[in-house]
Structure formats: C-alpha cells, structure tokens
Amino acid sequence: MTEALRTSLTPLGLQVLGICEITPDDGLSECGTLHLVGPSEPEFWQVFSASDEYNDSAPDPLDRWSRRVLGGIAADASGAAVFPFGGPPFHPIMTWALRTGRFWHSPIGFLVHDTAGLFASFRGAILLPDATDKPQPNSEKPCTTCAAPCASACPVDAFADGYDVLACKAHVASPQGRDCLTQGCRARRACPVGQGNRLPAQAAFHMEAFL
C-alpha cells in the first residue's frame, strides 16, 4: 500500500514521511497504520501555488487544499484522512511522528526528520485499516554526528531556554527580521539535512501565517 500511496502523492508534491501503528488508545475510530504525509520539497510549492485554494483569496488555503487532496486519496485507498488542524480535539501528530522512527527531537526542540531535516511539516495523515505496512525506522538520528548549527543560528537566541515564541515573532515582524520573514527561520535553514529544498516563496508563505 505504501507504493500505491506514493504513486498518488508524488504528482501533488507530497510524500509519506513515516508510518506508525495505531492503537485503541490513540482515540481514532479504528486501528491500523497511519501514514504521515508532508511536502516533498521543492516540488510541493509549484503544485500548491497553482491550486484553486491558493488563488481564491479565501482563508486557510493550505488547510483547505490538504483536506481536499488527502481526503480524496484516503477515500480511494478505503482509509480515512486525519489532520493536525481543525480541532479540538487535536490529534497527537508529534507523538505519532516519533513513533515512526524517522523523527527525533532536535537540539532546538523542534522535530527533525531523516531526509527533510527541520523543515519537515505535516499536511495530514492517512489511516489505513490494515497493518501490512510496518514502520521502517531510520538507523541513526541525523543530529548524532552534526555540529548543531541550528542551536546558534537564531539572531535573537529564541531557543536558549525552550522556545521564546514572543521574541521570535517580534524579530520576524521587525525590519531586522526581514531575512527570516522572506527566507524562512534561520535555525531551520541551518540544518544540513534537506538544506535548500524549501523555496523562498513557500518559506515566506509560512512565515506570514506564523505572524
């Protein structure tokens, strides 16, 4: 089934970032395997920016696009689409990500992915009722042999003690923070894994939403 999902997701600039098994304790209506889906960059931005949702000037274009495309793919696979937005209730997608064996906590606290690095993000997940696709964990956390440039890249040291969201937002909104606003978070960009894959236009879209 993973190969079939990949065939459906690739033309949309999406990919399976990891697979985890679901249990009754997760609060979903059924058990099975959950395929976490996120952008395959840089291909993703060209697809999304050409969509009706991006161009119709209505609120929440990315969430609406995600619901449409993942909902359709899930239905075709006789599964269900699950999203990290639209709650409450909110699904524990970070917990699920750690279960895949392909995500870890980075030195700045954000999750880091084995191929997408600190720019990994979730557009949703597809829950399939069977458990034929088992998690395939990566053998080593990428941070193990990394000098952690992410930890010192923030110009306002917002990750010195947890994550100072207010300091981060204030900087991004200031003239001094224009680089972060238009190019994306410097700490995320410092991660060598997947570096340079996110296009500036996509980074600016996310930073505007962040503000």
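**Exercise 1. Find how much space lies in the largest pocket, and which residues line it.**

*Solution.* Start with the term: on a 1 Å grid over the protein atoms alone, a pocket is an open set of points where a 1.4 Å probe fits, with protein on both sides within 12 Å along at least five of seven lines. The volume is the space filled by probe spheres set on the points, and here it comes to about 1200 Å³.

This is a predicted model, in which local features need pLDDT of at least 70 and side-chain atom pairs count only at pLDDT 80 or more, while totals for chains, interfaces and linings use all residues. Residues are numbered from 1 along each chain as its sequence is written, and side-chain values use heavy atoms, with hydrogens and water left out.

Next, look at the lining, where residues have an atom within 4 Å of a point. There are 41 such residues, and Ala120, Ser121, Arg188, His206 and Phe210 are the closest to the centre of the pocket. Helix H9 (200-210) gives the most, with six residues. By class, 29 lining residues are nonpolar (Ala, Val, Leu, Ile, Met, Phe, Trp, Tyr, Cys, Pro), six are charged (Asp, Glu, Lys, Arg) and six are polar (the others, Gly among them).

**Exercise 2. Work out which residues of helix H1 are buried and which are exposed.**

*Solution.* First the cut-offs: with a 1.4 Å probe and protein chains only, buried means under 20% relative accessible area, exposed over 50%, and partly exposed in between. Helices are DSSP runs (H or I, at least four residues), and strands are runs of E with at least two.

Now apply them. Thr2, Leu5 and Leu9 of H1 (residues 2-9) are buried. These three cover an arc of only 60° around the axis, so they sit on the same side of H1; the arc uses directions from the helix axis to the C-beta atoms. On the other side, Glu3 and Thr7 are exposed.

Finally, see what the buried residues pack against: strands E1 (14-22), E2 (32-39) and E6 (124-128), and helix H4 (61-76). Contact means heavy atoms within 4.5 Å.

**Exercise 3. Decide how many disulfides there are.**

*Solution.* A disulfide is a pair of cysteine sulfur atoms within 2.5 Å. The count is zero. Take Cys146: the nearest cysteine sulfur, in Cys143, is 6.2 Å away. Cys146 is partly exposed at 29%, whereas Cys168 is buried at 13%.
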